[in-house]
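The exercises below are meant to be worked through with the sequence and the 3D view side by side. Please try each task before reading its solution.

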Amino acid sequence: MTHAKNCILSAQCSLADSAKCNARCPSFIACHGFNGAGGRVGATDVPADYSGVTLAKSPARTGQEAAYKLAESYAQTFTRQFGDAADSKRVKSLYLYSEAPGTGKTTMAAALIHEWVVRHYIGSIQRNGQPLERPAYFLDVNAWQTLFLGFTRPGIPQETAEKHAAEYYAMETRAKASPFVVLDDIGVRSASEAFRADLHSIVNHRVSNALPTVYTSNVMLADLAQVFDARLADRIREQCVEIAFVGESKRGLRKTA
């Protein structure tokens, strides 16, 4: 048995399923680390539930064929980032929407991060460049907001507040700096003005610097201003394509969003 099933590069690798396909492969280590849980894939912070998910192997494809057809076309545009420098077309952003939770938005978002990592790594090697240590990043907006509350609520012990604040601002930095980012569950909870300002800062930075972002939400893009504000909604809408998911939650079978 080879290591191909554990490697995100296997679909693109000529050595997959060969005798050289093992945990000592330099490219496997570069993408997955020595322990298989680190490297550039680990640096994305994609939740463990979505480990190794790709568009082709996504468990959420069933019933979402139209959405996945659009996502596959979108992933093909990633080569603009790593191909000929003369190609000035930017990679657009995506807004993955469904009214019902659990329809597969997060699964697709995680798959797109992995597709980006693969193309970034291969493209960098082909150009004799050095792949970035964190080419993409997954930010769970709910978890980020929980950290915010962990250092802004009254009565939080100083040591705890400082720990939460440090991680909160580290996540903000990663979300601004990474070439490709998922902002998961944007707009699903009420937010204070201060938190909303920090989230707007991330969105504004990414839009202003033409950095592609995938948003997932249970709120239609047209209605996002009702959750946040018109400024944030307008910034997200710029250069952003909406993909709608259909059907009801599949979480009883497998957590997919």
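**Exercise 1.** In this predicted model, find which residues M108 touches, leaving out residues up to four places away in sequence.

*Solution.* Start at M108 and set aside its close sequence neighbours; the residues that it touches are then L55, A67, Y68, A71, L96 and F245. Next, turn to the largest nonpolar core, which has 39 residues, and note that M108, L112, F180 and V214 touch the most other members. The elements that give two or more residues to this core are helix 1, helix 3, strand 1, helix 5, strand 2 and strand 3, and the largest share, 10 residues, comes from helix 5.

**Exercise 2.** Determine how many residues of helix 5 are buried, and how far the helix reaches from its first C-alpha to its last.

*Solution.* Take the length first: helix 5 has 22 residues and reaches 32 Å, close to the 32 Å expected at 1.5 Å a residue. Then apply the cut-off for burial, which is under 20% relative accessible area; 19 of the 22 residues are buried, so helix 5 is largely enclosed by the rest of the structure. Just after this helix, N128 takes a positive phi of about 60°.

**Exercise 3.** Work out which way the residues of strand 3 point, and in which sense strand 3 pairs with strand 2 and with strand 4.

*Solution.* F180, V182 and D184 point one way, while V181 and L183 point the other way, and all are buried. Strand 2 and strand 3 pair in the parallel sense over 5 bridges, with D184 as the bridge partner of D140. Strand 3 and strand 4 also pair in the parallel sense, over 3 bridges, and here T213 is the bridge partner of V181.

How values were computed:
Residues are numbered from 1 along each chain as its sequence is written. This is a predicted model: local features need pLDDT of at least 70, side-chain atom pairs count only at pLDDT 80 or more; totals for chains, interfaces and linings use all residues. Side-chain values use heavy atoms; hydrogens and water are left out. A nonpolar core is a set of buried Ala, Val, Leu, Ile, Met, Phe, Trp, Tyr and Cys residues joined through side-chain atoms within 4.5 Å. Buried means under 20% relative accessible area, exposed over 50%, partly exposed in between (1.4 Å probe, protein chains only). Helices (H or I, at least four residues) and strands (E, at least two) are DSSP runs, numbered from the N terminus. Contact means heavy atoms within 4.5 Å. The expected span of a helix is 1.5 Å times one less than its number of residues. Two strands pair if DSSP finds at least two bridges between them.
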